[in-house]
Amino acid sequence: MTIRLTERDRRMLVKCAVCRWLTTDQLKRLYFPEATLNAVQKRLRKLSEAGYLRSHQEHPTAEAVHAVGPKGKLLIEEKGLEVAVGGEVPRQVEHMLGVNEIRIAVETSGMKVVYFFAYWQLANLGWAHAVIPDAVFAVRTPELRTFLVEYDRSTETLDKLFRKLGLYDQGLAEFHFEAVVIVTERTRRLDLLGRELRRKNLSLPVLASTLEDVVRTGFFEAAFVVLPGGEKGKILELPDEDLEA
């Protein structure tokens, strides 16, 4: 099947290459905000049938997810980007989609985003630290402000998360960050995080919010809780003393 690619299609393929997998809804919000869901699904289906996208639907009522297909890979590589094509949908695709939801919230915030890298990108960028965050991003306000991100789906015990926080607390050589941002799926998890942090002897600043609030309100407009103290505020407007280690 042959189709004529639009500039929007090309930009979408680049985003899929960076993000690996995106849902129909995520692509609609990014590239077809005014279109109907049916129209978006038809366009994505055409791109998939033509080999530019790879689409997967776990079952008939599940939302489809999309990655770069073989023809899209050739197109993207012409731009100097490396694209991995093939293999199954990752077992932890829901985690990947959540990290990409955070990416979208940051990148569409209107802030000047210097970079946003997810965990699958860091190795190719020379990340040499033993602990790998789910994401790291920086914005200019006008000063450069850098944050580590952990996406907590509440599917694992808190022990793994706190082991990572302990390593962050020791510092990352030659990499300065302002705070660790935890985005969780459940409001109740915020209370658990706060209680556990009170028991730890950690000095690093930890900010937490829910994915729902971040998506609905906007990443830099959402209310983040400073843990373990409980103060609330926008991530870039919290007093310096709240973010001091």
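This is a predicted model: local features need pLDDT of at least 70, side-chain atom pairs count only at pLDDT 80 or more; totals for chains, interfaces and linings use all residues.

Colleague: What is the handedness of the crossing of α1 and α5?

Modeller: The crossing of these two helices is right-handed.

Colleague: Which residues of α1 and α5 meet?

Modeller: Lys15, Val18 and Cys19 in α1 meet Met96, Asn100, Arg103 and Glu107 in α5. The residues of this contact divide into three nonpolar, one polar and three charged.

Colleague: What makes α1 oblique to α2?

Modeller: Helix α1 and helix α2 (residues 24-31) pack at an angle of about 130°, with axes 11 Å apart. Roughly antiparallel would require an angle over 145 degrees, so the pair is classed as oblique. This crossing is right-handed. On the α1 side the contact is made by Arg8, Arg11, Met12, Lys15 and Cys16, and on the α2 side by Leu27, Leu30 and Tyr31. By class, the contact of α1 with α2 has five nonpolar residues, no polar and three charged.

Colleague: Why does Arg20 count as partly exposed?

Modeller: Buried means under 20% and exposed means over 50%; Arg20, at 38% relative accessibility, therefore counts as partly exposed. Arg20 is found in the loop between α1 and β1 (22-23), and has a positive phi of about 70° although it is not a glycine.

Colleague: Why does Glu174 count as exposed?

Modeller: The relative accessibility of Glu174 is 88%, so Glu174 counts as exposed, the cut-off being over 50%. Glu174 lies in the loop between α7 and β7, and its phi, near 65°, is positive in a residue other than glycine.

Colleague: How do you know that the span of α7 is close to the expected one?

Modeller: Helix α7 (residues 158-169) has 12 residues and reaches 16 Å from its first C-alpha to its last, against the 16 Å expected at 1.5 Å a residue. Its buried residues, among them Leu161, Phe162 and Leu165, pack against β6 (144-152), β7 (179-184), α8 (187-199) and β8 (206-210).

Colleague: What is the omega of the cis peptide bond from Thr141 to Pro142?

Modeller: Omega is near 20° for that bond, and Pro142 lies in the loop between β5 (135-140) and β6. A cis peptide bond also joins Leu227 and Pro228, with omega about 5°.

Definitions and conventions
Residues are numbered from 1 along each chain as its sequence is written. Side-chain values use heavy atoms; hydrogens and water are left out. A crossing is left-handed if the near helix is turned anticlockwise from the far one by less than a right angle, and right-handed if clockwise. Helices (H or I, at least four residues) and strands (E, at least two) are DSSP runs, numbered from the N terminus. Contact means heavy atoms within 4.5 Å. Ala, Val, Leu, Ile, Met, Phe, Trp, Tyr, Cys and Pro count as nonpolar, Asp, Glu, Lys and Arg as charged, and the others, Gly among them, as polar. Axes are lines fitted to C-alpha atoms, for helices over the stretch in contact, and angles run from 0 to 180 degrees between N-to-C directions. Angles under 35 degrees count as roughly parallel, over 145 as roughly antiparallel, 65 to 115 as roughly perpendicular and the rest as oblique. The expected span of a helix is 1.5 Å times one less than its number of residues. Buried means under 20% relative accessible area, exposed over 50%, partly exposed in between (1.4 Å probe, protein chains only).
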